[in-house]
Amino acid sequence: MGIRHIDVRLCNGCNICVEDCPLDVLRLDEATKKAYIAYLRDCQSCFLCQSECPQDAIRCVAVHERRMPKAW
Amino acid sequence: MPGEQRYEDIDVLVIGGGLAGVYAAIKAREAGADKVVQVDKGKVGKTGASCFAAGVMHTYFPEEDDLEDRVRRLTRAQGFLAQQDLMQDHMEQSWDITQEMAQFGVDFVRTAEGKLERRAGRGSYPIISFHGPQLMAAMARAAIRKGVKMIYRTMVTDILTQGGQVVGAVGFNTRSGDFCVFKTKTTVLATGNAWYKGLGPGHRDCTGDGYAAAFRAGAKLSGAENPDGPTNFFPARYDIGPGMNKFVGEGGIFLNSKSERFMEKYNPTLKERAGLRNLNYAFTLEAKQGNTPIFMDMTHLKPDAVRRLKEVLPLAMRMFESVGLVVGERFTQPVEWMPIAPLARPGLMVDRRFETSLPGLFCAGEAASPTAVPIGLASAATSGATAGKSAAEYARSAAAAPLDEEQVKRLRQETLQALNRGSGVEPDQVLLSVQETVVPYDVLLLRRADRMQRALDAIEDARDNLLPLLNAYDPHYLRMAHEARNLTLIAELHLRMSLARAESRSVLREDFPCEDNQDWVKWVVAQRDGGGMKLSTEDVPVDGYPLKPERTKNLHHMWQLAEKLGICRVEKGAVKWA
């Protein structure tokens, strides 16, 4: 819940985001060597990928992606 | 058809990639363990709660702090259920371990003279700060330098035993789906706590996998019903956090729907900087009076305060910026704030060496009972260090036992079952059922038996009717399926243990409003019993500890205050709302 976009023009296929994502949301496309969002709904919105991307290719927005049961 | 990976001849297997696990692995190596393997379902250093911690450490300063007072406060924060010898160990060791972490490359915030800078945080003693994920990146690198072998993207699902002794673990690779078998002399469980994947980022991989695996293997668990921090608090409408400790430390205040700064009523001394238990009392009583929504107001913070927040909470501050709540060096509006979910910590019971009730199994960090390890990075590090050393010593004298191949075969079938189903219940359906049952504040944060019993019925429904049909489209979904299955078990443990504690202590009960130091200076203990669970109690050995509670049974101090404030009255041993 949070990752929205990976700019394929900027992505250099370094794989850092794919390796580091705590929820394992991202994958690298074998053919194009570009990262993509494989499991968007499982993103925990931690912004780690955005902050670690050396190309500044990733955009996250801090909103819930799916229904979030709340205390009240 | 998934393949199989075998990892053998391990001296110390560390499960979990947060600070407790990394410290255990480092200290096991330093204590002479030859083959130390650390396994995580993500990547060590980028996983669990440590990487996203709120930028603070509760470190004891020998030349400035009163050790006895700090231990007393930690013990009181647990309502006297703490293992006081361990509270003493954590506090005493926290100074040296902080210095050591700096040597490992952790950048703590320092004064112009190069000393650790102490700032206001929650609690009576100032905290020290670090730079967000840098801490875990430095510690993971240190572990690799020490020769720890890392295995990533592998979720451990169960612990292997042979004649009552822990001899290994099994799990699967969350990308290939391969079944994984670990054969080890000793194991350290450092899998953190569980927040039911509730509000806020930075903990949604903490799904109680260690509690569940240990429970299934027969370990004794305690502490779920009386944690030192019953919940934490995050922005309600956005996916932002953590960092509350720093926000209130810099001067953030809570306002209710009537714009009252209500913490002045509930805790006139510390106000917003009160401990998590006190914040929970206040938030739930405000909710009960209909004074929600509650807001955190930081609009008055000066630019230098916002700069400091950006320094130690780089991720959380980016999140605020992404939705316009921070622009430049200002908060633009008050932010709605709410409890995440009840903290679920049915932790493993450990002794002073962090050995659990199962021979060969050690435990560190928040995977252990809250009575042994208080919340926070300092005690994650100290408990990890001791558990790692103890495990290495154990491994020196232990002979590697053969695996029970029948058990391995059965667990392989159980582990991969959802992957082979073809169609069935989606993991998210189970997760939502669990969340909808336990997240509402008046189930586990403000308690009454009938509400908890209804919740337990719903969890049993999910357990009996949804779990057998869980389906995983691929190995990633298999992970989600196991997380949902584990959280269902955690919710059952959490509710049963909470029903058992017939008093108000760290959490308020409407039907048992007294804090009962005559009958309830006890731990509630849960253990597997065939296909079910049995609960028992054990007396806290306070007679052997320095601090002893007065053996009285009085109306809980927060219910006394609530009566005084006209929120409720207590009649015939139960709370009646005004």
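Read along its sequence, chain A follows the pattern β-α-β-β-α-β, which comes to two helices and four strands; helices (H or I, at least four residues) and strands (E, at least two) are DSSP runs numbered from the N terminus. The model is predicted, so that local features need pLDDT of at least 70 and side-chain atom pairs count only at pLDDT 80 or more, whereas totals for chains, interfaces and linings use all residues. Residues are numbered from 1 along each chain as its sequence is written, chains are lettered from A and ligands numbered from 1 in the order in which they are written, and side-chain values use heavy atoms, with hydrogens and water left out.

The C-alpha atoms of chain A fill a box of roughly 45 × 20 × 20 Å along the principal axes. Of the 72 residues in chain A, 53% count as buried; buried means under 20% relative accessible area, exposed over 50%, and partly exposed in between, with a 1.4 Å probe and protein chains only. Among contacts (heavy atoms within 4.5 Å) in chain A between residues at least 6 apart in sequence, 55% join residues at least 24 apart.

Attention now turns to the meeting of the two chains. The contact takes 34 residues from chain A and 47 residues from chain B. Together the chains bury about 3600 Å², 54% of it on carbon and sulfur atoms; this buried area is the accessible area (1.4 Å probe) that two parts lose on being put together, summed over both. Between chain B and chain A there are nine salt bridges, each a side-chain nitrogen of Lys or Arg within 4 Å of a carboxyl oxygen of Asp or Glu. A:Asp24 forms a salt bridge with B:Arg153, where the closest N and O atoms are 3.6 Å apart. On the side of chain B that touches chain A, at least two residues each come from helix 8 (276–288), helix 10 (314–322), strand 16 (335–339), helix 13 (427–438) and helix 16. Helix 13 of chain B gives the most to this side, with five residues.

Strand 16 of chain B contains B:Glu336. At 11% relative accessibility, B:Glu336 counts as buried. Its side chain is joined to that of B:Arg237 by a polar contact of 2.8 Å. Leaving aside residues up to four places away in sequence, B:Glu336 touches several others, including B:Phe234, B:Pro293 and B:Phe295.

The interior remains to be described. In soluble globular proteins, nonpolar side chains tend to be buried together. The largest nonpolar core here has 212 residues, and those with the most contacts inside it include B:Leu19, B:Phe254 and B:Trp337. Such a core is a set of buried Ala, Val, Leu, Ile, Met, Phe, Trp, Tyr and Cys residues joined through side-chain atoms within 4.5 Å. Helix 16 (residues 475–500) of chain B provides the largest share of this core, 12 residues. Apart from this core lies another, of eight residues, among them B:Val521 and B:Trp523.

Notes: A polar contact is a pair of N or O atoms within 3.5 Å; within protein, one must be able to donate a hydrogen and the other to accept it, and residues adjacent in sequence count only if both atoms are side-chain atoms.
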